[in-house]
Amino acid sequence: NAGRIWALGGKVDLARLDNKDGPLPKPLLAQVREQVARADRDTTDINERQSVITSAGGVLADAGLLDESDVLLSVELERSHSPYYYMLGLASNARKRGTPDSKVAAIEWARQAYETSKGPATRLQWGGAYVNYLLELAPADAARIEAAAARVIGEAAEMPDAYSARSRSSLERLNERLKKWNKDGTQDKVIARLHDKMAPACAAEALDAADRSACAALFTPARRA
């Protein structure tokens, strides 16, 4: 089931090369609906569904079938042991609609995904996604952005291995997004406070000198000539 959905996603991606935003051909949309319905019906293992339904919701959304994607993902919220995966899908769908109300909904879904996520590394990744939604859809709300980023960084600071593997990638992505947000230096004070909050994680004895230096460079104010 997963393989068929991934192959279907490839067809949609190819169709989008020459038709970025418009409606796709009806035969392809019919195929998308049929294959997604089949995957939903035939995938009974709860763990396999996590991957298959997440991917199927993405294929529906990429095909422009946002409402149908919402229905598929919303139903799964009640079944899944990890509903935060589907919440990010719903956040993405809301963002694609682009209306003021849908932007608010996108941020709220991303917040809920972060709030309900489990596991230290996963929480850093989902927390970073939530901050990214704020940066993209509410960039003027500096207080909310700082509060969300500070919470994510605070969780990282309590992890003995925050600056390693998957967690390191999440923190570096968060750093790059905040750096872009602060490219003109107007949020230097916010970034400096986040840098101070990250300091305990960067001082961890488990880090070698190179990693400690790279970690200490995170969340630093913009450099200006």
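Predicted model: local features only at pLDDT ≥ 70, side-chain atom pairs only at ≥ 80, totals over all residues.

Reader: Let's begin with cavities. How many of 30 Å³ or more does a search of the whole structure find?

Author: A cavity is a space where a probe fits but cannot get out. Here the search of the whole structure gives 1 cavity of 30 Å³ or more. The largest cavity holds about 60 Å³ of space.

Reader: Which residues line the largest cavity?

Author: Its lining is made up of N175, L178, K179, N182, I191, F219, T220 and A222. Helix α9, residues 165-181, supplies the largest share, with 3 residues. Sorted by class, the lining has 4 nonpolar, 3 polar and 1 charged residues.

Reader: And pockets? How much space lies in the largest pocket?

Author: A pocket, unlike a cavity, is an open set of points. In this model the largest pocket has about 240 Å³ of space. It is lined by 17 residues, and those closest to its centre are T54, Y85, L88, G89 and S92.

Reader: Which elements give two or more residues to that lining?

Author: They are α3 (46-62), α5 (84-97) and α7 (120-137). Of the elements, α5 gives the most, with 7 residues. By class, the lining of the largest pocket comes to 7 nonpolar, 7 polar and 3 charged residues.

Reader: What does the lining of the second largest pocket look like by class?

Author: That lining divides into 2 nonpolar, 1 polar and 5 charged residues. You can find them in the model as R16, K20, D21, A61, D62, G64, L66 and K96. About 150 Å³ of space lies in this second largest pocket.

Reader: Now the helices. At what angle do the axes of α2 and α3 cross?

Author: The axis of α2, residues 26-42, comes within 10 Å of the axis of α3, and the two cross at roughly 165 degrees. Angles over 145 degrees count as roughly antiparallel, so α2 is roughly antiparallel to α3.

Reader: Is the crossing left-handed or right-handed, and which residues make the contact?

Author: The crossing of α2 and α3 is left-handed. From α2, the contact uses V32, V36, A39 and D40, while α3 brings R49, V52, I53, A56, V59 and L60. By class, this contact has 8 nonpolar and 2 charged residues, with no polar ones.

Reader: Thanks, now I know where to look!

Terms used
Residues numbered from 1 in each chain as written. Heavy atoms only, no water. 1 Å grid on protein atoms, 1.4 Å probe; cavity = no way out; pocket = protein on both sides within 12 Å on 5 of 7 lines; lining within 4 Å. Points joined across faces, edges and corners; volume = space filled by probe spheres on them. Helix = DSSP H or I, 4+ residues; strand = E, 2+ residues; numbered from the N terminus. Nonpolar A, V, L, I, M, F, W, Y, C, P; charged D, E, K, R; others polar. Axes fitted to C-alpha atoms, helices over the stretch in contact; angles between N-to-C directions. Parallel < 35°, antiparallel > 145°, perpendicular 65-115°, else oblique. Left-handed = near helix turned anticlockwise from the far one by under 90°. Contact = heavy atoms within 4.5 Å.
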